[in-house]
Amino acid sequence: MTNQSPPPSSAVPAPVLTTGALARAASLTDKAVRLYADRGLLRADRDPVTGRREFGPDQVGRARAVGLLRSLDLPLVDVARVLDDPDPVARFDALWGERRADLRVSVEAGEYVRASLAGRPRLPFGEVRVRDVAEVLTLSVETYADLPAVPDAIRAATARLFEALEAEGAPLVAAPFVEYPERATEGVTARLIVHAPVAETVRPPSAGFRLGVDPAHTQAFVALTQRQVADQAALVVVHDHLSTASFADDLVPVGANREIYLPGFGTGEPGPVMEVAVPVGRR
């Protein structure tokens, strides 16, 4: 008698797992499984009678991988990028390399804080340099923000400045910069002034704008990369180091700290994208 394969209708269906069963198999909580399914990280069908989620056995390994990636505090969007990439290892290496670089900046900032508490502050990244800066005419606008809102406030004020310059047909002649007469914190709103250097007189378009002169001065500054700029702790450390003149015995700040935005800012280019600076004079 010839052996025959059973008809397709007699094939054993693949087992399905409930939310709880998948959670136990992947060492996750039920809540986590539901969240990952809602965000599309796990694939599930719905039982037509009960409406409960049903997961295939192939989702166990994926759920474990999601849990592992989340244990590293990767955002869900990055978890999805890793797992859905044709080469998940390469994608993970790229993301984790960025995370390690960010962590290194934060650790260096922590080292500065510790050294400052010990009375021996030393900037762990960048180099304080000194230069002479020529007088320049600037169109400026003031705004106010607490520390978390500073980036948005700067973007909005800069956009207003650039619109005004475009309307007047006045090009920038140097990198725009933000001056910090006051220090913003988590709970304290402070004044900041965004400056656009111009070659000749520009009519202030409305109230809030001011045409003025940034006088010639000697300036101490530190150049920062985009990664350092993105770390708020690193920025605070550099501002503190410059404003306290911890870098030199013969120099003292004589003006407000400022941030100078170089052409590479926000482009992802390597190298310096911003300079934190302060006008200085001799003791």
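Student: How many aromatic pairs does the count come to?
Tutor: This is a predicted model: local features need pLDDT of at least 70, side-chain atom pairs count only at pLDDT 80 or more, and totals for chains, interfaces and linings use all residues. Residues are numbered from 1 along each chain as its sequence is written, and side-chain values use heavy atoms, with hydrogens and water left out. Rings of Phe, Tyr and Trp (its six-membered ring) pair if their centres lie within 6.5 Å; planes under 30 degrees apart count as stacked, over 60 as edge-to-face and the rest as tilted. By this rule, the number of aromatic pairs is two.

Student: Is Trp96 buried or partly exposed?
Tutor: Buried means under 20% relative accessible area, exposed over 50%, partly exposed in between (1.4 Å probe, protein chains only). Phe92, at 22%, is partly exposed. Trp96 has 27% relative accessibility, so its class is partly exposed.

Student: What angle lies between the planes of Tyr261 and Phe265?
Tutor: Tyr261 is buried at 15% relative accessible area, and Phe265 is partly exposed at 33%. Their rings form an edge-to-face pair, 4.9 Å centre to centre, with the planes at 90°.

Student: Which ring does the charged end of Arg131 sit over?
Tutor: A charge sits over a ring if NZ of Lys or CZ of Arg is within 6 Å of the ring centre and within 35 degrees of the ring normal. For Arg131 the distance to the ring centre is 3.7 Å, and the ring belongs to Phe221.

Student: Which element gives the most to the lining of the largest pocket?
Tutor: On a 1 Å grid over the protein atoms alone, a pocket is an open set of points where a 1.4 Å probe fits, with protein on both sides within 12 Å along at least five of seven lines; lining residues have an atom within 4 Å of a point. The largest pocket has 31 lining residues; nearest its centre are Val150, Ile154, Tyr180, Glu259 and Tyr261. Strand S5 (177-180) and strand S10 (257-261) are among the elements that each supply at least two residues, as is helix H6 (150-168). With six residues, the top contributor is H6.

Student: How many residues line the second largest pocket?
Tutor: About 170 Å³ of space lies in this pocket; a volume is the space filled by probe spheres set on the points, which are joined across faces, edges and corners. Closest to its centre are Val133, Val136, Ala174, Phe177 and Asp214, and the lining residues number 13.

Student: Where is Ser27, with its positive phi near 60°?
Tutor: Most residues other than glycine have a negative phi. Ser27 is exposed, with 68% relative accessible area. Its place is the loop between helix H1 (19-26) and helix H2 (30-38).

Student: What is the radius of gyration of the protein?
Tutor: The protein has eight helices and 11 strands. Its radius of gyration is taken over C-alpha atoms, and the globule rule is 2.2 Å times the number of residues to the power 0.38. That rule gives 19 Å for 283 residues, so the protein is more spread out than a compact globule, at 28 Å.

Key:
Helix = DSSP H or I, 4+ residues; strand = E, 2+ residues; numbered from the N terminus.
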